[in-house]
Number of protein chains: 2
Amino acid sequence: MPSIEEQNLTEFLAEVKLKMENITFSKQKDIQKINDFIFSSDGKYVRSKIIFLYGQSVGIEYHKLLELASTTELIHLSTLVHDDIIDEAPLRRGKPSVFKFSGIKKALLYGDYLYTKTFSCLNSLENKDIATVLINCAEKLIEGEFNQISAMTYQAPSLENYIKIIKAKTAVLFSGALKSIGIHANFKDEDLALLYKLGHEFGYAFQLNDDLIDFFNESVTGKAKYKDLSEGKFTYPLIITFKKSTNQEEEMIYKLLEKKEYSQIVELIEKYNGFNATRIERDKSINNCIETTKNFIKLDSLDYVEQFLRDTLKA
Amino acid sequence: MPSIEEQNLTEFLAEVKLKMENITFSKQKDIQKINDFIFSSDGKYVRSKIIFLYGQSVGIEYHKLLELASTTELIHLSTLVHDDIIDEAPLRRGKPSVFKFSGIKKALLYGDYLYTKTFSCLNSLENKDIATVLINCAEKLIEGEFNQISAMTYQAPSLENYIKIIKAKTAVLFSGALKSIGIHANFKDEDLALLYKLGHEFGYAFQLNDDLIDFFNESVTGKAKYKDLSEGKFTYPLIITFKKSTNQEEEMIYKLLEKKEYSQIVELIEKYNGFNATRIERDKSINNCIETTKNFIKLDSLDYVEQFLRDTLKA
């Protein structure tokens, strides 16, 4: 049987989804066709989970959390729709990506439609500071995507650059969501900064975990196996490996990526302990999250949050 | 020598451009490269001209007009960047379109970047009602583009549908800009509605004129000759012609469009007086604009505005 916390969370996520469906509803039939396609399956709503857990524990009203979560998910969804076009990703968690479903032109417009709906929500928020935080997040997400397409495809970035890209691309929206909770709670500036940093740490752990599950079976993780590799992306385990490789091995990695032959790449990563190094880095980051969380979360719900973080951030 | 009105307008447009450059400036070098490309030439800024003329005549402060004009132009620019990808339009007023300059992926992201910058401007407007009006415009523009790609390519729409598309695609931002001026001026609801209608009429005349210049020489109009036709678009002169054509001629039009042979299409349009019918419709609309304008513009500047409308809306 689910615990009360789990049950509350499940109900919250269902309400977030319903709110997103209401916000995005359109009489234009092509738009609504894509809406129906998207909302026919459930998302992961990781950002909403974080918002609910942290928001509830610092006492933010339910309707504010619902508003924040649906807006944050809409920003995330807008960027996914366009990112999948850019990455030429045919699948998104086991289903065709929007552009595979509707064609590139309609997917491009649909992404724009979601953006306007998102900003319409932001405009109707009572709190202008939160709108500002989230608009800045959207801007940083786009800059991050620019950096990624400029730097990463079929070319190994430095570890430093990769971490910068993760922070801009994945972590920023977690940070924005957590900072927004702090604004709702009237936290002072140093606590807002700490929440923003917590979001970064969370996003970092989340991305490292996502990098790892690229090498696992789809049926377990929901992410198509070798999705990143097939898009020519160097992720953490491979960058670590590349750094340690001989010149000959480096060349081999490029060739295997182009030929889309991944088993030898996996062998090389194992040889240089790339998976283990990624796990260690991820776990360090999870521990940092838990430590920082202790500043905000009441002791009686800390165990649950800790468990949640470990469950969510570990494949 | 330019008149004082013309000189003031020229200065205003230069300031709008400068403000847009400042708003869109980015340290991300790919983004800034596209900014530099776009702002290396001057736009037409028709929306800003309207804002300046009507806004000044009803006494709105200069800085508010500048803010409104740059935001409106940014919305327009965002949609152009994505529309050119969708229409596969290689040229935009004699220059390569953004996606031809930067590639589709960066153009897609750049459009998103402009959207976020636009909404960031809207969020910092003092007046939430104006932000709401302009966000609704952006939404309608996107719905209009959806209707267009669904209905029009290589397929004759009914005149009724075409007018609906024009209203959604072109007229809506003129309406939004004019209504925003009315909000700044604290106009009562019925005057706001009249301004919104004026914008529609203006956009309608503007689009009909744009439809006509598709058949003229590029060096005169700045628009590539047969741009619309080459994108498989049926515009007003051709729709009028199509309606009057025999079944045999209808088939011929489809074939000629596909083969990109336009001289015979022009002959048919002339045979059925399609150009003339478009001019008459446009001029009727311009006269409507002038009549409605008399409700708002002080008599002493009415002559200038009237001349401006005729100059802007007649190729």
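**Exercise 1. The bend in H8(A)**

Task: In this predicted model, find at which residue H8(A) bends, and by what angle. Then check its span and its surroundings.

Solution: 
- Step 1. Go to A:Ala171, where H8(A) bends by about 55°.
- Step 2. Look at the burial. Of the 26 residues of H8(A), 19 are buried, so the rest of the structure largely encloses this helix.
- Step 3. Step just past the helix: A:Asn186 has a positive phi of about 55° there.

**Exercise 2. Placing A:Thr118**

Task: Decide whether A:Thr118 is buried or exposed, and work out which residues it contacts beyond its sequence neighbours.

Solution: 
- Step 1. Locate the residue: A:Thr118 belongs to helix H6 of chain A.
- Step 2. Count neighbours. A residue is buried when 20 or more other C-beta atoms lie within 10 Å of its own. A:Thr118 has 28 C-beta neighbours inside 10 Å, so it counts as buried.
- Step 3. List the partners. Setting aside residues within four places in sequence, A:Thr118 is in contact with A:Thr71, A:Leu74, A:Ile75 and A:Ser78.

**Exercise 3. How the two chains meet**

Task: Describe which rotation superposes chain A on chain B, and which elements of chain A build the side that touches chain B.

Solution: 
- Step 1. Superpose the copies. A 180° rotation, with 0.0 Å of shift along its axis, brings chain A onto chain B at an RMSD of 0.0 Å. The two copies are therefore related as by a two-fold rotation axis.
- Step 2. Compare the surfaces: 100% of the contact residues of chain A recur in chain B, and the same surface serves both copies.
- Step 3. Count the contacts: 30 residues of chain A are in contact with 30 residues of chain B.
- Step 4. Assign them to elements. Helices H2 (29-39), H4 (62-86), H6 (104-124) and H7 (128-151) of chain A each give two or more residues to this side. H7(A) supplies the largest share, 13 residues.
- Step 5. Sort by class: the side of chain A that touches chain B has 15 nonpolar, eight polar and seven charged residues.

**Exercise 4. The nonpolar core**

Task: Find how many residues the largest nonpolar core has, and trace what B:Leu134 touches.

Solution: 
- Step 1. The largest nonpolar core has 168 residues, and those with the most contacts inside it include A:Leu134 and B:Leu134.
- Step 2. Leaving out residues up to four places away in sequence, B:Leu134 touches B:Thr71, B:Thr72, B:Ile75, B:Leu122, B:Gly176 and B:Ser180.

Note on methods. Residues numbered from 1 in each chain as written. Chains lettered and ligands numbered in written order. Predicted model: local features only at pLDDT ≥ 70, side-chain atom pairs only at ≥ 80, totals over all residues. Least-squares fit on C-alpha atoms with pLDDT ≥ 70 in both. Contact = placed C-beta atoms within 7 Å. Core = buried A, V, L, I, M, F, W, Y, C linked by C-beta atoms within 7 Å. Buried ≥ 20, exposed ≤ 12 C-beta atoms within 10 Å, placed from the backbone. Bend = angle between axes of the 7 residues up to and from the residue. Helix = DSSP H or I, 4+ residues; strand = E, 2+ residues; numbered from the N terminus. Nonpolar A, V, L, I, M, F, W, Y, C, P; charged D, E, K, R; others polar.
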